[in-house]
Amino acid sequence: MTTTSKSSTATKVDNGVDVNALLGAREALEKMPEAAQFKWRASCEWLNGTHSRSTIGKFFGLGEEQSRDKSFAVEADHPKVFASEDHAPTPVELVLSGLASCLTAGVAAVAQRRGIQLHSVKASLEADMDIQGILGVDDEVRNGFGAIRVHFDIRADASQDDIKALVAQSQKRSAVFDIVTNPTNVFVSVN
């Protein structure tokens with residue numbers, strides 16, 4: 001992590017996060033906790049081989065269905081070393097991207113709330129995986145990651161301790177960090 005010292009003149013912090021709106025939402029949800037129950041959705045369609053396309057659009061939150069301005073498509077595939085076509089990142093790389101994005105968004109929001117001007121935030125992630133499990137070579141080997149390492153390079157008008165505290169708070173509040181580090185019930189059905 002890299003720091004930039006605070007200037008002697010007071011400047012307005014603008015990291016692009018509307019903290020007042022977030023705090024207003026938190027206050028409203030404290031009064032109506034049932035509105036905090038969200039349902040995020042994605043649908044996925046097989047294209048060919050290991051290539052698929054997921055579509056993300058509507059979700060449920062604040063007590064009703066919500067629509068975005070547009071739907072988003074996310075593709076996944078596997079590299080050629082897996083006898084695939086390599087049209088897109090692997091699903092596990094998308095998980096890493098989700099974790100990086102969630103933690104980075106948290107850093108920006110916490111920095112804005114704490115009055116810390118960010119200049120750059122870069123996250124690098126690396127995950128270990130023994131693919132003997134997913135290939136059925138050894139049923140004792142876990143299919144998922146053995147470990148994930150996240151490294152931040154942050155340039156901000158703050159001390160190194162303040163920057164470490166930003167990252168720690170982001171980690172504490174990250175939905176994706178929680179999903180990756182804690183068991184989640186997943187129910188699979190077939191029509």
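How many helices and strands does the protein have? The protein has four helices and seven strands; helices (H or I, at least four residues) and strands (E, at least two) are DSSP runs, numbered from the N terminus. The model is predicted, so local features need pLDDT of at least 70 and side-chain atom pairs count only at pLDDT 80 or more, while totals for chains, interfaces and linings use all residues. Residues are numbered from 1 along each chain as its sequence is written, and side-chain values use heavy atoms, with hydrogens and water left out.

**Overall layout**

From the N terminus on, the order of elements is α-β-β-β-β-β-α-β-β-α-α. The C-alpha trace spans about 60 × 40 × 30 Å along its principal axes. Of the 191 residues, 22% are buried. Buried means under 20% relative accessible area, exposed over 50%, and partly exposed in between (1.4 Å probe, protein chains only). The accessible surface comes to about 13,500 Å², and carbon and sulfur atoms hold 52% of that. These areas come from the Shrake-Rupley method with a 1.4 Å probe; for residues, only the protein chains shown count as cover. Among contacts (heavy atoms within 4.5 Å) between residues at least 6 apart in sequence, 56% join residues at least 24 apart.

**The three-stranded sheet**

Strands β1, β2 and β5 form an open sheet in the order β1-β2-β5, with antiparallel pairing. Two strands pair if DSSP finds at least two bridges between them. The edge strands are β1 (43-48) and β5 (72-76), each pairing on one side only. Neighbouring strands of this sheet are turned by 25° against each other on average, direction ignored. Here axes are lines fitted to C-alpha atoms, and angles run from 0 to 180 degrees between N-to-C directions.

β1 and β2 pair over five bridges. Their hairpin has two residues between the strands, and Gly-49 takes a positive phi near 55° there.

| Residue | Opposite residue | Strand of the opposite residue |
|---|---|---|
| Asn-48 | His-51 | β2 |
| Ile-56 | Phe-72 | β5 |

**Arg-173**

Is Arg-173 buried or exposed? Arg-173 is exposed, because its relative accessible area is 61%. Arg-173 lies in helix α3 (residues 160-173). Its C-alpha atom is separated by 9.9 Å from that of Val-110, 63 residues apart along the chain.
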